[in-house]
Structure formats: structure tokens, C-alpha cells
Amino acid sequence: MNRIRLHRIIPKVLNSNAILLAFAAGLTFFLVTWIFEFIHTRTPITLHGIGQIHHNNPLLWIFDSLPVFYIIVVYVFEKRINREKTLSDSKFTELEERINAMADFAQQIGQGNYQAILNVERDHDILAKSLLHMRENLLENSRKESDQIWIAAGKNNISHLLRIHNKIDELSRDIIRDLVNYIKAVQGAMYIYNEDNKTLTNIATYAYKRTKHISQEIRAGHGLIGECAYEMDYIYRTEIPDDYFTITSGILGQQKPQSLLLIPLITDEKLQGVMEFASLEDQIPDLTIQFLNELGEIIARTIFNLKITQQTEKLLGESQQMTLELQENEEELRQNAEEMRATQEELQKTNEQLESKILEVENAQKRQYSLLENASEIIAIYKENMSMMYVSPSVINILGFSPEEMMRGKDLDRLTRKGENSMRNMFEELLENPDNPVTIQYTYMKKNGQKIFLETTGRNLLHDAAISGIILNSTDITERKRAEREERLKSKMQALSENSLDLIIRLSTVGQFFYANPIVKNFIGIDPSELINKTLQEIDLNESLCYYFKETIETIKSNPGKTSAELTIPGVIDNIQSNRIMQFAAIPEFNESELETILFVGHDITEAKQIEHEIQDKNRKIEDSINYAQRIQSSILPETRHVRELLPKSFIFYKPKDVVSGDFPWIFSHGNDVYIAAVDCTGHGVPGALLSFIGHFLLNNIVDHDRNLSASEICDMLHHGVRKTLKQENQDAEARDGMDIAFCKINHNDKEIHYAGAHRPLYLLRNGELTEFKGNRKAIGGIPHRKKEEENFTNYKIHYNRGDKIFFFSDGLPDQLGGPESKKYSPKRIREMILEHKDFPIEEYSRLFSDDFEQWRGDGKQIDDVLLIGIEF
């Protein structure tokens with residue numbers, strides 16, 4: 001207030017002083033002017049002189065009026081300043097009141113009154129806004145501090161319970177009771193998790209009464225409680241299921257909870273239990289959820305410790321009980337110590353014997369399994385309807401198929417018609433005469449395509465509870481068949497050698513004759529009986545023949561093994577002397593790994609040489625025929641120009657293995673429909689080329705006669721056409737030839753692709769993603785399965801967009817061996833190549849796959865014809 005009064009007095013003082021200064025300044029100015037004029041005009045300084053200078057210079061009157069003018073100006077200016085000062089005083093007073101109000105507001109906030117009011121009258125009142133913002137911050141901090149105090153108080157209460165209890169059920173009951181009251185819930189429950197059986201058991205409830213039966217034992221993952229346990233995270237629900245419990249009260253009646261909170265009890269990432277709380281309020285405060293979450297880990301740790309303590313107490317009690325029992329029996333134990341030592345020694349010996357026997361049993365089991373796995377026979381168990389129930393693992397080594405493949409039907413699929421009939425007859429006979437085993441022999445085609453002979457003995461053990469089936473023991477008798485055949489041939493050999501036209505001589509390692517057949521006389525002119533037990537030096541032989549025998553004996557002695565050579569020696573045939581070309585084979589014969597004799601067999605190949613020249617001439621003619629066939633096949637293949645006219649953005653990567661090919665591209669068009677296919681016939685070379693002609697003309701005939709067929713319908717008609725052409729539907733059919741195909745029908749107006757495949761897929765590249773459309777797992781043609789009804793080919797309809805690309809191919813590309821580890825090129829590599837170069841124009845893929853194929857193959861041999869077709873829309 002003193003500052004304000006001083007401020008009001010100072011302007012008045014300043015006003016009087018300013019007028020005096022203005023008057024003094026004006027007076028000084030006109031006095032200086034008079035003096036200057038007196039001096040300039042040299043007029044005497046008198047009253048008359050004053051009048052004289054004013055008369056001579058009228059401007060002096062103006063200067064004389066300056067003091068009055070200054071006084072007026074200063075007065076007006078001071079009046080204006082006084083008005084502004086008055087306005088400033090008013091504003092200063094108002095500011096002082098605002099400052100006093102804000103000081104009072106700050107004082108109330110400092111005293112803890114956060115409800116104090118401070119009006120903000122101007123938008124630019126930064127200080128008032130700052131004080132209000134400070135109040136909000138202090139209020140928020142006060143709330144947080146209050147929340148922390150509330151949480152700390154709750155934790156202290158629960159910590160007290162955790163310290164005073166050492167039993168889980170009592171602790172759980174008190175915790176639930178205190179927490180329900182503390183958070184003002186209406187109901188609570190505690191579930192303890194049993195890790196052994198993965199269940200939650202309710203051990204404590206408070207104000208808990210249900211109108212529907214709810215099991216007190218809940219499996220993890222079932223219901224809200226189980227879900228909370230499984231997820232190991234709290235669940236807060238305000239939408240309560242209709243079948244949830246209701247709260248019964250004399251005041252409230254029956255009411256369903258409005259909110260539900262489930263808190264998992266977790267410590268060290270292990271679940272110990274779940275707490276459940278229900279409230280009639282619409283919302284459970286976030287502070288309560290935070291409090292219960294923080295408390296959950298503390299409770300979980302205590303429950304875990306109590307579990308350990310209880311287990312320890314249990315073990316300690318058992319240990320104490322055992323100690324008491326041991327103390328009671330100590331005397332008896334001392335008396336029996338010697339007996340126990342003796343018994344222990346005997347037991348140790350017995351254990352050693354038992355361990356030895358166990359080891360023998362284990363070794364016997366291992367030997368039995370190894371024998372079963374590496375057995376030379378296949379053991380299989382069948383049902384009465386000839387369906388396989390079991391097959392021993394030895395089937396892998398003998399037939400090449402896994403037990404799973406055999407169980408899926410490979411046991412009968414690879415039989416000839418005769419073998420299948422023999423198998424059916426054997427089953428019928430075993431069922432009619434269950435006590436008599438039946439043995440059959442038949443041929444079987446292994447997984448690698450090799451035909452072998454099997455001998456199968458069947459026994460009807462349907463009455464045996466351990467087997468409950470028909471057991472078949474199958475043995476590969478291919479070698480036995482071969483040995484029997486060799487034995488038959490060997491027995492015939494002796495007789496044949498006597499009448500053989502081949503020269504047969506057996507010599508010892510020193511050149512002594514042990515045997516010579518009668519034909520020898522025609523070549524060396526000596527009767528065979530005269531040669532026996534004589535050496536090469538004692539016989540007058542042809543020089544070149546004698547030298548050959550000696551050199552061959554030395555060669556085989558140093559490097560035992562069969563050798564062969566051609567010699568021209570004189571001979572007598574039909575009483576005509578002539579030089580004969582002989583093909584000699586020298587075969588070492590051993591006795592207990594020691595070289596004993598050498599058998600020389602000389603075959604007259606004079607006529608064979610003549611025939612060889614004839615065969616070479618015929619081979620040249622055959623090659624000419626194959627080349628001509630290649631020109632014929634090339635003439636029916638689509639020209640690149642024709643393909644580009646129908647499909648401008650496309651490529652065909654075609655690489656036959658031989659001169660003629662079993663793979664061929666095929667294309668046909670009519671109206672808006674373009675038909676294109678990649679066909680892979682069985683085999684390659686001439687057989688595959690012959691099948692390719694059948695496939696080509698059948699496709700032309702099918703599409704040309706009925707152009708409204710889908711891709712799958714065309715494949716079905718081709719399938720039956722090949723079978724009919726190759727007569728594969730006859731009962732005695734053995735030709736399993738056929739073809740794989742990837743077939744597309746493209747309609748440019750509808751922008752639609754119809755696709756069907758036999759063992760071949762189609763890849764669609766769209767927007768950088770590759771989609772595979774798999775063909776059916778059956779071929780075109782082949783002998784029909786007598787027990788299964790065939791399904792028709794699947795027809796895929798694909799709507800294509802601009803920029804889409806499709807790829808289809810024969811199996812020659814993915815089956816090619818190569819690379820660093822000599823593995824197959826594989827469909828996976830094809831997909832990766834397409835995706836890695838997804839932005840390539842379609843024409844670039846031909847060069848890409850051609851280069852990659854050659855690099856992958858390296859110096860290896862091409863194993864099959866290769867065909868890959870790509871189209872961009």
C-alpha cells in the first residue's frame with residue numbers, strides 16, 4: 001500500500017516542476033534572443049531599446065511567446081501522462097489483487113486444500129494457468145501417494161498373514177477373507193494348482209454360494225479359472241456368462257456379479273494357484289487390479305515355500321518315524337548283521353548271476369531284433385480278407401518298400417496276374433484246411449523295378465490269440481533259382497562239353513593238361529587222351545597257341561582273375577583246313593582260396609565276326625531309321641512360331657535324352673480356346689517315342705471331335721484311349737506303359753484356365769507369390785486296379801490376371817541328378833528359381849533353366865527327357 005501511495009504522489013510533483021522548467025526554458029530562450037539582437041543591432045539595453053528591436057525584428061514577438069507556448073505544451077502533455085498514469089494505477093491495482101488471489105490460492109494448496117478455486121479471466125494469464133497445472137500435478141501426486149499408501153497397507157496386512165501362517169488352507173482362507181473386505185468385493189475364492197495332474201482345487205472361499213453346481217476341481221485350460229491358469233495372465237471380465245453364479249443376500253436378493261477378476265499366482269514363471277474375485281460394481285478399479293497383480297507374486301512365493309515346507313515336514317516325519325523304527329530294531333539288526341552280511345554276499349553273487357542273465361537276455365533280444373531286421377525272409381500277418389496287419393522290417397532290404405508302403409497295398413499291387421491268383425488260392429486253401437501249411441512260388445517286382453522270385457509259406461493261425469491272423473513267411477529264392485539253374489546247367493555241362501563245338505582245356509599252374517574235350521583234336525591234331533598229364537613243353541602245339549597258354553598262366557598266377565583274348569589258329573572243320581578266329585576265356589579255378597587249375601574255353605567266332613560285320617551294317621541302317629523317326633517326331637511337334645502366335649508370351653524348354661523322345665509338348669487351338677500340354681510317356685528313346693505318337697494323335701482326335709470338354713474330361717478320355725490302344729484292360733495284360741501329363745485349356749475371352757494333371761503339378765506365379773495345383777496321383781493308361789474303382793481326374797478352374805505366369809513340366813527336370821552332393825534337381829529348386837527371378841520376362845526363364853540345368857548336371861549323364869513350359873498372361 002505504501003508503494004501505491006508513493007506512485008500517486010510522484011506525478012503531482014513532477015507536474016509542477018515540468019511547468020517551471022518549461023517556463024524557465026522559454027524565458028531563457030527569448031532573453032538570449034534579445035541579447036543577441038541588442039549586440040547585433042548595437043541598440044542600447046533600455047525599455048526603448050526593447051521596443052526598438054521588436055520593431056525592427058517582429059520575429060522576436062514569436063520568441064517572446066515561447067515561454068507561454070512551452071507552458072501550454074507541457075501542461076497538455078502532463079495531462080495526458082496523468083491520464084495514462086491513472087489507467088496504469090488501475091491496472092496495477094487489479095494486478096495486485098490477482099497476485100494476492102494467486103498468493104492466497106498457492107497458500108491453500110500448500111496447506112493441502114486441493115479443492116481451492118482460482119478463476120482464470122484471461123487466456124494469457126500464464127501464472128494462473130501454471131498454478132492450476134501445479135495444483136493438478138500435486139493432486140495427481142497426492143492420489144498416487146494415496147494409492148501407494150493403500151497398496152502398501154494392503155500388502156502389510158497380507159504380509160502379516162503370510163508370516164503367521166504355516167498351513168496353506170488356513171492361509172488361503174484368511175487371505176481371501178481379508179482381500180474381499182479390503183477391495184470391497186462381494187465374493188472370493190482361492191484355487192491351488194496341482195502340477196502332477198494339471199488341476200486347480202478350490203481350498204478357500206468367502207461369501208461363496210452358487211445356484212448351479214460347479215466342480216471344485218478344474219483342469220487347466222477349462223473355463224475362466226482354467227484359462228487364467230493356462231495363459232498365466234490375469235482375466236478381467238465385465239460381461240459375465242449367463243451360467244455364472246449369483247450372489248444371494250437378505251438385502252439384495254439374488255444378483256449376478258457385474259465384474260469378475262481372476263489373478264494367477266506365479267513365482268519363478270511357475271503357476272501356484274488362482275484367486276477369483278467378484279463384485280456387484282460395474283467396474284473393478286485399475287488400482288485394485290494393480291494391487292492384486294503385485295500381491296499375486298508375493299502370495300505365490302509364500303504358497304510355494306509352504307508346499308516345500310509341508311513336503312519337508314512330511315519327509316522329516318517319515319524320517320523320524322523311520323529313525324524310531326530303526327532304533328527299536330537296532331538290537332535285532334545287530335543280531336542279524338552277520339546273517340545279513342552272509343546273505344548280502346550270497347545276494348551279490350546272485351545279482352551278478354542275474355545281471356549276467358539279464359545281459360544275455362538283452363543281447364538275445366538285440367540279436368532277435370537284428371535277425372528280424374536283417375532276416376532273409378519276410379514275415380507278414382494278414383486278416384482273412386487278405387488285408388495286411390503286420391510286416392517285418394526286413395521287407396525294406398528284400399523288396400525295397402517300407403512297412404508302411406506294404407500296408408498301403410504294395411504287397412499285392414506289384415504281383416503279376418498269375419501271382420495274385422496264386423495268393424488268393426493259397427488264402428482259400430488255408431481257410432478251408434487251417435491245419436495244413438501251403439507253399440507257393442511267384443514273381444514280384446521290387447521298388448527299383450527288378451523282378452525276383454519269392455517262395456511264401458502260409459499258416460492259418462487265426463485261432464492263436466497272439467497272432468489272430470494268417471502268417472506268411474516269404475523268402476527271396478532268386479539266388480536259389482539261379483543256383484538250381486546253374487547246377488542243372490553244370491550237370492549238363494559235362495555232357496555238353498563232350499559234344500561242345502568249343503575248345504575246352506584245363507591246365508595246371510605249371511602247364512600240365514588235366515582235361516581236353518574231343519573238339520581239341522580238330523584244332524591241334526592230337527587226340528585228347530594223349531594230352532592228359534602232359535605239359536605244354538611235351539606237346540607240339542601251334543606256336544601262337546602255346547605262347548598264349550604260357551602267358552595267360554603267368555598273368556593269372558600274378559593277378560588271379562578271368563581274362564579273355566582273340567587268337568587266329570589253324571583248324572579242321574568238315575575235313576577242311578582253315579584259319580579260325582577263336583575267342584578264348586581263361587577262368588581261374590581255386591581250391592580253398594588257392595589257385596589250382598585254369599580252365600581255357602575257346603569259342604570259334606569266325607562266323608560271329610562275319611555276323612558282327614553284318615550287324616554293324618544293320619546298326620547303321622537302324623540309326624538311319626531312328627534319325628528318320630526323329631524327323632517324323634519333329635514334324636508333329638508344335639513349331640515355335642505357331643506357339644508364339646497362340647501364346648505370344650511363352651517358352652518351351654525341351655531337351656530329349658536320346659535322338660527321339662518320350663516327352664513331347666502338344667498344342668491345339670479352336671476359337672478362343674487354346675489347349676496346351678506337357679506329356680511324359682513311359683521310358684525314353686524309341687519306346688517312349690512310339691507312346692508319344694499314340695498320345696499325340698489321341699489328343700488331337702479327342703479335342704477335334706468335342707471341343708466343349710474340360711481339361712479333366714480330356715484327361716479321362718485320353719486315359720481310357722491309351723488303355724484301349726495298348727489293350728491294358730484284358731485279363732492277361734502285362735504292359736504297364738502309360739504317360740504323365742500336365743494339361744491346360746486356356747480361354748482368353750473368359751480369362752480362365754482349366755487345368756488337370758496326372759502326377760504333374762502346375763505352378764501359378766501371381767504378385768510375387770507361388771501357388772501349386774497338384775495333379776492326381778495316377779497316370780494316363782496302365783493296367784487297371786482290380787480292387788479299386790478309379791476316380792476321375794480333378795479339374796481346376798483358375799481365373800488369370802494380367803501379369804500372371806504359369807509353369808508345368810515333366811519329371812525329367814526335377815529327377816535329374818547333379819549338384820555338389822549328386823542329389824535330384826527337385827521341384828523345390830524349380831519353385832525357388834521361379835521366385836528368385838519373379839520379375840524376369842517369361843522368355844528369360846528358358847535360358848535361366850537351361851543354364852541352371854546344365855550347371856546342375858555338370859559332367860553327369862542326363863537320365864531322362866526334359867520338358868518345361870511357361871506362359872505369361
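Here are some notes on helices, salt bridges and surface patches in this predicted model.

1. Ground rules. Residue numbers start from 1 along each chain as its sequence is written, and since this is a predicted model, local features need pLDDT of at least 70 and side-chain atom pairs count only at pLDDT 80 or more, while totals for chains, interfaces and linings use all residues. Side-chain values use heavy atoms, with hydrogens and water left out.

2. Helix H5. Helices and strands here are DSSP runs numbered from the N terminus (helices H or I, at least four residues; strands E, at least two). H5 covers residues 168-182, 15 residues in total, and reaches 20 Å from its first C-alpha to its last. That is close to the 21 Å expected at 1.5 Å a residue (1.5 Å times one less than the number of residues). Its buried residues are Ile-168, Leu-171, Ser-172, Asp-174, Ile-175, Ile-176, Leu-179, Val-180 and Tyr-182. Buried means under 20% relative accessible area, exposed over 50%, and partly exposed in between, with a 1.4 Å probe and protein chains only. Have a look just past the helix too: Lys-184 takes a positive phi of about 65°.

3. The structure holds 26 salt bridges, each being a side-chain nitrogen of Lys or Arg within 4 Å of a carboxyl oxygen of Asp or Glu. In one of them, Arg-301 meets Glu-297 at 3.3 Å, N to O. Both sit in helix H7 (residues 286-328), four residues apart, or about one turn of the helix. Arg-301 is partly exposed at 37% relative accessible area, and Glu-297 is partly exposed at 42%.

4. Helix to strand. Arg-480 pairs with Glu-455 in a salt bridge, with the closest N and O atoms 2.8 Å apart. Arg-480 belongs to helix H12 (residues 478-499) and Glu-455 to strand E12 (residues 451-461), so this pair ties together parts that are 25 residues apart in sequence. Arg-480 counts as partly exposed, at 37% relative accessibility.

5. Another strand-helix pair. Glu-772 and Arg-831 form a salt bridge at 3.9 Å, N to O. Glu-772 is in strand E25 and Arg-831 in helix H20 (residues 827-836), so the bridge ties together parts that are 59 residues apart in sequence. Glu-772 is partly exposed at 33% relative accessibility, and Arg-831 is partly exposed at 28%. Elsewhere, salt bridges that share partners join Asp-174, Arg-177 and Asp-178 into one network.

6. Surface patches. These are built from residues with over 30% relative accessible area and no salt bridge, joining like charges within 9 Å and nonpolar side chains (Val, Leu, Ile, Met, Phe, Trp, Tyr) within 5 Å. A positive patch gathers Arg-408, Lys-410, Lys-774, Arg-777, Lys-787 and Lys-788 on the surface. Of these, Lys-774 lies in the loop between strand E25 (769-773) and strand E26 (780-781), and Lys-774 is exposed at 56%. A nonpolar patch of about 380 Å² is made by Val-68, Ile-72, Tyr-75 and Val-76. Tyr-75 sits in helix H3 (residues 59-110) and is partly exposed at 42% relative accessibility.

7. A loop methionine. Met-232 is in the loop between helix H6 (223-231) and strand E4 (235-237), and is partly exposed at 32% relative accessibility. Met-232 and Ile-263 are 31 residues apart in sequence and 8.7 Å apart in space, C-alpha to C-alpha.

How values were computed. Accessible areas come from the Shrake-Rupley method with a 1.4 Å probe; for residues, only the protein chains shown count as cover. Lys and Arg count as positive and Asp and Glu as negative; His and the chain ends are not counted. The place of a charge is taken as NZ of Lys, CZ of Arg, CG of Asp or CD of Glu.
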